[in-house]
Amino acid sequence: RGNGNISLVGKCGLVRDTPGECVYPDILMKIRPNARMLADFMVLTINSPYVSNQVAMMAKTSNGAFKVSGATVRAIAVVVPPVGEQAKLVAAMTAETRAVTTAIARIEREIGLVHEYRARLLADIVTGKLDVRGAAGKLPEPSVELESTSDVLNGELSDECTIEAGDE
């Protein structure tokens, strides 16, 4: 229902099971499909560009967080095919996106492992378990020489780049 990023307002996820007493923060909205709409189809529909564009046009902000109301969500127009067609569409979308979903999960797992490795490496360097002085001496020289700003600008500032007193 709400987010600082307009493209994330109205994004939907499916929660199949919740604890008995669950409290939702004001930036979340609980929506339950009726008998005419499958839950999985509802998620695909709400996350579609068609609905996202409607939400973006209706979202309001007063403090940098874009939000939609329950009345706004109820006013969103969607096509609801028969339940059998919904099931076929959900199956087709799931099959079509399976490879991408699997790749995203694998990459997210690998990113997590790289973060863990980085944290462990930094901890070992800081605690002295790993001595990097020898490795630092074996690093290749940079292949590109860096130029200073004054060299690039030939001592003059362009019209697009001015520095005034007090700027940092």
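Accessible areas here come from the Shrake-Rupley method with a 1.4 Å probe, and for residues only the protein chains shown count as cover. With that settled, I looked up the accessible surface of the chain, which comes to about 13,800 Å², with 59% of it belonging to carbon and sulfur atoms.

I note that this is a predicted model, in which local features need pLDDT of at least 70 and side-chain atom pairs count only at pLDDT 80 or more, while totals for chains, interfaces and linings use all residues. Residues are numbered from 1 along each chain as its sequence is written, and side-chain values use heavy atoms, with hydrogens and water left out.

**Elements.** I looked up the helices (DSSP runs of H or I, at least four residues) and strands (runs of E, at least two), both numbered from the N terminus. The chain has six helices and two strands, and from the N terminus on they run β-α-α-β-α-α-α-α.

**Burial and cores.** I take buried as under 20% relative accessible area, exposed as over 50% and partly exposed as in between (1.4 Å probe, protein chains only). Buried residues make up 14% of the 168 residues in the chain.

Next I looked for nonpolar cores, meaning sets of buried Ala, Val, Leu, Ile, Met, Phe, Trp, Tyr and Cys residues joined through side-chain atoms within 4.5 Å. The largest has seven residues, namely Cys-12, Met-37, Phe-41, Met-42, Val-43, Ile-46 and Val-90. Helix α1 (residues 39-46) gives the largest share of this core, four residues. Apart from it lies another core, of six residues, including Val-9, Val-55, Ala-59 and Val-68.

I then followed Ser-52, which is found in helix α2 (residues 49-58) and counts as buried at 18% relative accessibility. Leaving aside neighbours within four places in sequence, Ser-52 is in contact (heavy atoms within 4.5 Å) with Lys-11, Ile-46 and Asn-47.

**Salt bridges.** I searched for side-chain nitrogens of Lys or Arg within 4 Å of a carboxyl oxygen of Asp or Glu, and the whole structure holds four such salt bridges. One of them joins Asp-40 and Arg-16 at 2.9 Å, N to O. Asp-40 lies in helix α1 and Arg-16 in the loop between β1 (2-3) and α1, so this pair ties together parts that are 24 residues apart in sequence. Arg-16 is exposed, at 66%, and Asp-40 is partly exposed, at 31% relative accessibility.

Another bridge joins Arg-120 and Asp-124 at 2.6 Å, N to O; these two are four residues apart in helix α4, about one helical turn. I recorded Asp-124 as buried, at 18% relative accessibility, and Arg-120 as partly exposed, with a relative accessible area of 46%.
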